Amino acid sequence: MRIYHVDLPEAAQRQAGRGYVVADIYLPRAHIDVEYQGYRHRYAASHASDDSKSNALLMVGIQTVSVWGEQLYNESAMEGIAGLLLEPSGIERRPDSGLMLVRRGSLMAELRASSLPDSES
């Protein structure tokens, strides 16, 4: 996966408290960053940092969409998030192939594992 650094202008740097932020999953055609809110994001200190990051991204024209660990276990919620991202990204939804189902299963297992307390430092 490609890491996407967003260099921030001065006003956004003040908002974020740093010179750049790293997008979790950036969709450049849509100017949307999908931010995964794993286990450590449950604490108040993390909320302030996450909100500062989202606000700084918004200042440079990038909207953030948050995905919480609990949503990874809800297929309907994940379909809703995918629907939210597809159209502005210019991605056309196709019927799932066998390979796509295998890849989706692997990705979901990895994401679910990362939502557990022991997987984040």
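In the predicted model, I3, Y20 and V22 form a nonpolar surface patch with about 270 Å² of accessible area together. Patches of this kind consist of residues with over 30% relative accessible area and no salt bridge, nonpolar side chains (Val, Leu, Ile, Met, Phe, Trp, Tyr) being joined within 5 Å and like charges within 9 Å. Accessible areas come from the Shrake-Rupley method with a 1.4 Å probe, and for residues only the protein chains shown count as cover. V22 belongs to strand β2 (residues 20-23) and is partly exposed, with a relative accessible area of 31%. Buried denotes under 20% relative accessible area, exposed over 50%, and partly exposed the range in between (1.4 Å probe, protein chains only). Strands (E, at least two residues) and helices (H or I, at least four) are DSSP runs numbered from the N terminus.

The model is predicted, so that local features need pLDDT of at least 70 and side-chain atom pairs count only at pLDDT 80 or more, while totals for chains, interfaces and linings use all residues. Residues are numbered from 1 along each chain as its sequence is written, and side-chain values use heavy atoms, with hydrogens and water left out.

Strand β4 (residues 32-37) is mostly covered, 6 of its 6 residues being buried. In a regular strand the side chains alternate between the two faces of the sheet. In β4 both faces are covered, with I32, V34 and Y36 buried on one side and D33, E35 and Q37 on the other. Strand β3 (residues 25-27) runs antiparallel to β4 and is joined to it by 3 bridges; strands pair if DSSP finds at least two bridges between them. L27 stands opposite I32. Strand β5 (residues 63-68) runs parallel to β4, with 6 bridges between the two, and Y36 stands opposite V67.

The hairpin of β3 and β4 has 4 residues between the strands. H31, in the loop between β3 and β4, has a positive phi of about 55° although it is not a glycine. Most residues other than glycine have a negative phi. H31 is partly exposed, at 42% relative accessible area.

The largest nonpolar core has 11 residues: L27, A30, I32, V34, Y36, V65, V67, L72, I81, L85 and M108. At least two residues of this core come from each of β4, β5 and α3 (75-89), and β4 supplies the largest share, 3 residues. Apart from this core lies another, of 10 residues, including V6, A12, V21 and L57. A nonpolar core is a set of buried Ala, Val, Leu, Ile, Met, Phe, Trp, Tyr and Cys residues joined through side-chain atoms within 4.5 Å.

The whole structure contains 3 salt bridges, defined by a side-chain nitrogen of Lys or Arg within 4 Å of a carboxyl oxygen of Asp or Glu. E10 pairs with R14, the closest N and O atoms being 3.1 Å apart; both lie in helix α1 (residues 10-16), 4 residues apart. E10 is exposed at 60% relative accessible area, and R14 is exposed at 59%. D24 forms a salt bridge with K53 at 3.8 Å. D24 lies in the loop between β2 and β3 and K53 in helix α2 (residues 44-59), so this pair ties together parts 29 residues apart in sequence. E35 and K53 meet in a salt bridge of 3.0 Å, N to O. E35 lies in β4, so its pairing with K53 in α2 ties together parts 18 residues apart in sequence. Salt bridges that share partners join D24, E35 and K53 into one network.
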